[in-house]
Amino acid sequence: MEQQAQSENQEAIRVLVVDDSAFMRLTISNALNSIPNIIIVGTARNGVEALELIPKLNPSVITLDVEMPQMDGLTTLRRIMNDFPRPVVMLSSLTKEGASETVHALTIGAVDFIAKPTSKANLSAIEDELVSKVIRASQTKVYPAQRQGRTARPAVIKPKKVIEKQTRMLRSSEKVLVIGASTGGPRALSSILTKLPKDIPAAILIVQHMPVGFTAQLAERFDRNSQIKVKEAEEGDQLEVGLAIIAKGGFHMVLDAESRVSLNQAPTVHGVRPAVDVTMTAVAERFGKRSVGVVLTGMGRDGTNGAMLIHAAEGKVIAESQESSVVWGMPRSVVESGAADEVVPLEKMVPAILEALKG
């Protein structure tokens with residue numbers, strides 16, 4: 001454990017670095033210490049040490065390794081969210097297991113993550129990302145586990161016997177639901193998808209800002225915990241009722257002439273790919289008033305242009321309210337544009353969606 005003197009600047013971002021690797025603790029600390037407004041208040045080798053230090057050091061942001069001895073990152077994160085809720089940025093490996101654990105962490109309260117490079121020689125490549133994500137994390141709003149309630153630990157559906165999820169072709173009178181999210185999105189999406197009924201009368205497209213290698217795990221996790229079928233997007237996927245398709249990391253998701261999913265690697269929009277605006281625009285152009293757009297928590301304004309097009313086409317637009325957003329950036333932009341038909345907190349989002357799908 002290491003500790004540094006505190007800055008007199010009350011606005012400084014106080015960071016606790018938690019990692020079982022002494023090399024990683026030093027690397028992370030050095031990268032963050034190079035920024036004037038960031039102070040490393042301490043480091044810990046595992047979750048047990050971290051939980052002892054948090055009430056003493058009162059960090060404003062925690063970087064947390066996923067894989068650690070004594071107490072792993074997920075167990076530590078749950079304890080932090082229960083006892084000392086504050087922004088946590090996870091560091092994970094690029095393995096399939098690491099991606100799965102990272103996605104789990106994002107659904108139970110972590111605000112962001114950084115994928116560790118495969119070799120020490122590549123560590124410098126993540127330093128800028130590390131700094132920017134710690135700064136962004138310091139600007140987020142984190143709720144205690146009891147406040148998150150159902151959203152922090154969504155109820156896993158455990159039927160007595162396996163029930164096959166039914167999907168069918170989209171009828172000409174039915175709607176297409178597009179949901180967009182960024183920072184804090186996995187938690188919000190988990191809250192929504194685990195509550196949608198299996199007979200929801202719509203096809204669903206989801207865009208969550210996430211890099212290559214993680215959206216497949218996100219889709220698998222949601223599919224296990226939902227009554228509807230959830231999958232990562234593939235070229236040629238058909239829009240079906242009872243099916244939610246999540247945009248693949250690194251690819252924009254649009255629709256072809258037959259309203260099938262098409263993926264491309266066109267330039268980023270708002271600095272991201274996939275972008276919410278790209279998918280919402282495609283749906284608005286293809287389905288017009290049959291479009292329903294939902295913009296959840298996230299920084300920036302991605303989703304605003306698409307929401308405006310849906311609104312102009314007489315579709316419905318719902319934005320998450322400030323009270324439940326981890327970051328009220330994307331939904332705020334939609335509200336300020338005048339495109340939002342409704343602004344609701346996360347706990348009321350499913351009833352609002354189902355009402356918008358009527359008629």
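This is a predicted model: local features need pLDDT of at least 70, side-chain atom pairs count only at pLDDT 80 or more; totals for chains, interfaces and linings use all residues.
Helix α9 covers residues 276–287 and helix α10 covers residues 304–312; they pack at an angle of about 15°, with 7 Å between their axes. Angles under 35 degrees count as roughly parallel, so α9 is roughly parallel to α10. On the α9 side, the contact is made by D277, M280, T281 and A284. Facing them on α10 are T304, N305, G306, A307, L309 and I310.

Now turn to helix α4, residues 96–107. Its twelve residues, at 1.5 Å each, should span 16 Å, and the end C-alpha atoms lie 17 Å apart, which agrees. This helix is mostly covered, with nine of its twelve residues buried; among them are G98, E101, V103, H104 and L106. What do the buried residues of α4 pack against? Their partners are the helices α3 (73–83), α7 (185–193) and α8 (215–225), together with the strands β4 (88–92) and β5 (112–115). Just after α4 comes G109, which takes a positive phi of about 140°.

Finally, step back to the whole protein. It has twelve helices and 16 strands, and 57% of its 359 residues count as buried. Among contacts between residues at least 6 apart in sequence, 72% join residues at least 24 apart. The protein exposes about 15,500 Å², and carbon and sulfur atoms supply 49% of that area.

Methods:
Residues are numbered from 1 along each chain as its sequence is written. Side-chain values use heavy atoms; hydrogens and water are left out. Helices (H or I, at least four residues) and strands (E, at least two) are DSSP runs, numbered from the N terminus. The expected span of a helix is 1.5 Å times one less than its number of residues. Buried means under 20% relative accessible area, exposed over 50%, partly exposed in between (1.4 Å probe, protein chains only). Contact means heavy atoms within 4.5 Å. Accessible areas come from the Shrake-Rupley method with a 1.4 Å probe; for residues, only the protein chains shown count as cover. Axes are lines fitted to C-alpha atoms, for helices over the stretch in contact, and angles run from 0 to 180 degrees between N-to-C directions. Angles under 35 degrees count as roughly parallel, over 145 as roughly antiparallel, 65 to 115 as roughly perpendicular and the rest as oblique.
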